[in-house]
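Visitor: Please put the model up. I'd like a quick tour of its side chains and strands.

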Amino acid sequence: MKKIFIQLLCIAPLCLGAISCDSNDDNHVHVNPYDAYKGTWTGTYTGDGDGTWTATFDSAGKAEGTLVSGNNTFNLKGEVSENGTINAEYTSGTTVVGTMSGTLTDKTGSGTWDNKIQNLKGTWTGTKN
């Protein structure tokens, strides 16, 4: 009986230690890095051409919107990285017309654009609404 009692005394702290080290005890709150960019953004672009753009970012950093140049409206799709680097393409149907790249903060963004079909390029800026 004494042997069993000693074994229980040795095992009990190990069991209690394992129970008290539950991962829920760390009080760590997960912050989604894409929440800073989530929402609707609007902006303009200038250079060899000019116009406006609008994009909505989701909680995974994916964006969809439109780019308007004169009477033409293009589909805009892209994504932002956790550190704010953005890359997007604008298309007409299935044809990629051009790209946009740059950097977003939690409120503003800027970068460059190009139109590979017409060999045009310039800069863009935008703000989160």
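Visitor: Let's begin with Asn115. Which strand is Asn115 in?

Guide: Asn115 belongs to strand 7, residues 108–115. Strands here are DSSP runs (E, at least two residues), and helices are too (H or I, at least four), numbered from the N terminus.

Visitor: What sort of model is this, and how are residues numbered?

Guide: This is a predicted model: local features need pLDDT of at least 70, side-chain atom pairs count only at pLDDT 80 or more, and totals for chains, interfaces and linings use all residues. Numbering starts from 1 along each chain as its sequence is written, and side-chain values use heavy atoms, with hydrogens and water left out.

Visitor: Back to Asn115. Buried or exposed?

Guide: Asn115 counts as buried because its relative accessibility is 9%. The cut-offs: buried is under 20% relative accessible area, exposed is over 50%, and partly exposed is in between (1.4 Å probe, protein chains only).

Visitor: What does the side chain of Asn115 reach?

Guide: The backbone nitrogen of Gln118, at 2.8 Å. A polar contact is a pair of N or O atoms within 3.5 Å; within protein, one must be able to donate a hydrogen and the other to accept it, and residues adjacent in sequence count only if both atoms are side-chain atoms.

Visitor: Leaving out residues up to four places away in sequence, what does Asn115 touch?

Guide: Tyr90, Val97, Gly98 and Leu120. Contact means heavy atoms within 4.5 Å.

Visitor: Now the fold. How do the eight strands close up?

Guide: They make a barrel, in the order 1-2-3-4-5-6-7-8. The pairing is antiparallel. Two strands pair if DSSP finds at least two bridges between them.

Visitor: By how much are neighbouring strands turned against each other?

Guide: By 25° on average, direction ignored. Axes are lines fitted to C-alpha atoms (for helices, over the stretch in contact), and angles run from 0 to 180 degrees between N-to-C directions.

Visitor: How many bridges join strand 2 to strand 3?

Guide: Six, with the strands antiparallel. Strand 3 covers residues 62–69. Phe57 has Ala63 as its bridge partner in strand 3.

Visitor: Phe57 has a ring. What else is it paired with?

Guide: A search of the whole structure turns up four aromatic pairs. One of them is Trp41 with Phe57: the ring centres are 6.1 Å apart and the planes at 70°, so this pair is edge-to-face. Rings of Phe, Tyr and Trp (its six-membered ring) pair if their centres lie within 6.5 Å; planes under 30 degrees apart are stacked, over 60 edge-to-face, the rest tilted.

Visitor: Where do Trp41 and Phe57 lie?

Guide: Trp41 is in strand 1 (residues 39–47) and Phe57 in strand 2 (residues 51–57), so the pair ties together parts 16 residues apart in sequence. Both residues, Trp41 and Phe57, are buried.

Visitor: And what do Trp53 and Trp124 form?

Guide: An edge-to-face aromatic pair, 5.5 Å centre to centre with 85° between the planes. Trp53 sits in strand 2 and Trp124 in strand 8 (residues 120–128), 71 residues apart, so the pair links distant parts of the chain. Trp53 and Trp124 are buried.

Visitor: Switching to charges. How many salt bridges does the structure hold?

Guide: Three. The rule is a side-chain nitrogen of Lys or Arg within 4 Å of a carboxyl oxygen of Asp or Glu. Glu79 pairs with Lys62, with the closest N and O atoms 2.8 Å apart. Glu79 is in strand 4 (residues 72–80) and Lys62 in strand 3, so this pair ties together parts 17 residues apart in sequence.

Visitor: What about Lys107 and Lys116?

Guide: Lys107 meets Asp106 at 3.8 Å, N to O. Lys107 is exposed at 57% relative accessibility, while Asp106 is partly exposed at 42%. Lys116 meets Asp114 at 3.3 Å, N to O. Lys116 is exposed at 58%, and Asp114 is partly exposed at 22%.

Visitor: Last topic, hairpins. Which residue in the turn between strand 5 and strand 6 has a positive phi?

Guide: Gly93, at about 65°, in a hairpin with two residues between the strands. Strand 5 and strand 6 (residues 95–104) pair over eight bridges, antiparallel. Ser92 stands opposite Thr95 in strand 6.

Visitor: And in the hairpin of strand 4 and strand 5, which residue has a positive phi?

Guide: Gly84, near 100°, with four residues between the strands.
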